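Please view the sequence and the structure first.

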Amino acid sequence: MTEPFLTEDRLAIQAMAREFAMKEVLPVANELDPQHGEIPMALREKMAGLGFFGILIPEEYGGLGLGLSEYAIIVEELARAWMSVASLIARGQQFTAGFDADQRARYLPAMARGEFLSAFALSEAEAGSDVANLSCRAVPDGDGWRITGQKMWCTFADGSDYLQVFARTEPVDPAHRSRGVTCFLMPKQRGTLPEGVTGTPVRKIGYHGWKTWELAFDGAWASEIVGEPGKGFRIAMGDLDTARIHTAARAIGLARGALEDSIAYAGERVQFGRPIGVNQGLRFTIADMAAQVEAARALMYQVCTAVDAGQPSPTQASMVKLVASEMAERVTSEGLQIHGGAGYTTDFPAERYWRDARLTKIFEGTSEIQLRIISDALLGRTDRA
């Protein structure tokens, strides 16, 4: 980078997002997350009023038209308060790769207003990291399609305004398994599942701000396709670089929450007649936590700058997702340890940061998948089944 990343405009965006996160989001998270309470509608409406759902949507469609750099800054601030809220803003501006001109005109303005939020129905019981192994099928029926099969890990399926469903519309080609998958857009009423779709909430240990669902499609109707038939795999992969940088920002926000809370607790908690923050071992731990957060953030800023300059790199996106998520698990664990027994209760946010940070190593491609992507880029691909 040839100039400071945090320009005056970005510092203003950061300050606005930080004020909202600490004043509006954090108190709600502290109250609701231990009870598995979901993000309140009032909070969504405030986010929409601040333009958070249109950060990446072009101004011509009512969005802010900002870059990934500004997006990452806002996501970090929101995740520092509650990762569920930091994830919600993606529901209005990701996964739009493949929209044609008509779809962009119809949907992007509503997305920018927070009125057309998505749920992503891609993974299945046997198609997680191996996304091409989809078995959910769609067959033609008049001027639409009937979708039958199972989906896993569909977060926000009930609260969203539409499902983005990936189903196989052509027989599997063993030599090209990713071919023949089509992306369907399935609008629905917020707060319900579409007709022909039933679901069971997944019993999660974290990410409590909304439900994640196992879905069953039984001839569910879909009439609109995103992109070309049979080429939905490309749609699914099209936003992964953004999604992985988004996850890195969430991980950094969680780690920063653990760091800041640990610094405060170290000055307040008294043992043996003095604050625990005077103990060298704990001071060194906090210093190391801070250095890890700064290192991950610097890499994220570098990757965002490259993407905004028109130089995206899937390898670097995987690197920052790997580095930040692994860092977040370590730092949030140390933060919980600093809180001692209190950290193992729901009376402090330390345990929430830890639980949610653990998830960042799994979704948007596990750490092992990121290592495979990076090693393939460095060493070349090997023959795999």
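Helices H9 (residues 314-338) and H11 (residues 367-379) pack at about 145°, their axes 9 Å apart. The model is predicted, so local features need pLDDT of at least 70 and side-chain atom pairs count only at pLDDT 80 or more, while totals for chains, interfaces and linings use all residues. Residues are numbered from 1 along each chain as its sequence is written, and side-chain values use heavy atoms, with hydrogens and water left out.

**H9 and H11**
- Helices (H or I, at least four residues) are DSSP runs numbered from the N terminus; axes are lines fitted to C-alpha atoms over the stretch in contact, and angles run from 0 to 180 degrees between N-to-C directions.
- H9 and H11 cross in a left-handed sense (the near helix is turned anticlockwise from the far one by less than a right angle).
- On the H9 side the contact (heavy atoms within 4.5 Å) is made by Thr315, Ser318, Met319, Lys321, Leu322, Ser325 and Glu326, and on the H11 side by Ser367, Gln370, Leu371, Ile373, Ile374 and Ala377.
- The contact of H9 with H11 has 6 nonpolar, 5 polar and 2 charged residues (Ala, Val, Leu, Ile, Met, Phe, Trp, Tyr, Cys and Pro count as nonpolar, Asp, Glu, Lys and Arg as charged, and the others, Gly among them, as polar).

**H7 and H8**
- The axes of H7 (residues 240-268) and H8 (residues 280-308) are 10 Å apart, at an angle of about 155°.
- H7 is therefore roughly antiparallel to H8 (over 145 degrees).
- The crossing of H7 with H8 is left-handed.
- Residues of the contact of H7 with H8 divide into 19 nonpolar, 1 polar and 2 charged.

**H1 and H2**
- H1 (residues 8-32) and H2 (residues 41-49) cross at roughly 165°, and their axes come within 11 Å.
- H1 is therefore roughly antiparallel to H2.
- Phe20, Glu24, Val25 and Val28 of H1 make the contact with Leu43, Lys46 and Met47 of H2.
- By class, this contact of H1 with H2 has 5 nonpolar, no polar and 2 charged residues.

**Second largest pocket**
- The volume of the second largest pocket is about 250 Å³ (the space filled by probe spheres set on the grid points, which are joined across faces, edges and corners).
- A pocket is an open set of points on a 1 Å grid over the protein atoms alone where a 1.4 Å probe fits, with protein on both sides within 12 Å along at least five of seven lines; lining residues have an atom within 4 Å of a point.
- Of the 15 lining residues, Leu56, Gln93, Thr96, Asp239 and Thr242 are the closest to the centre of the pocket.
- H5 (101-112) and H8 each supply at least two residues of the lining.
- The lining has 7 nonpolar, 5 polar and 3 charged residues.

Terms used. Parallel < 35°, antiparallel > 145°, perpendicular 65-115°, else oblique.
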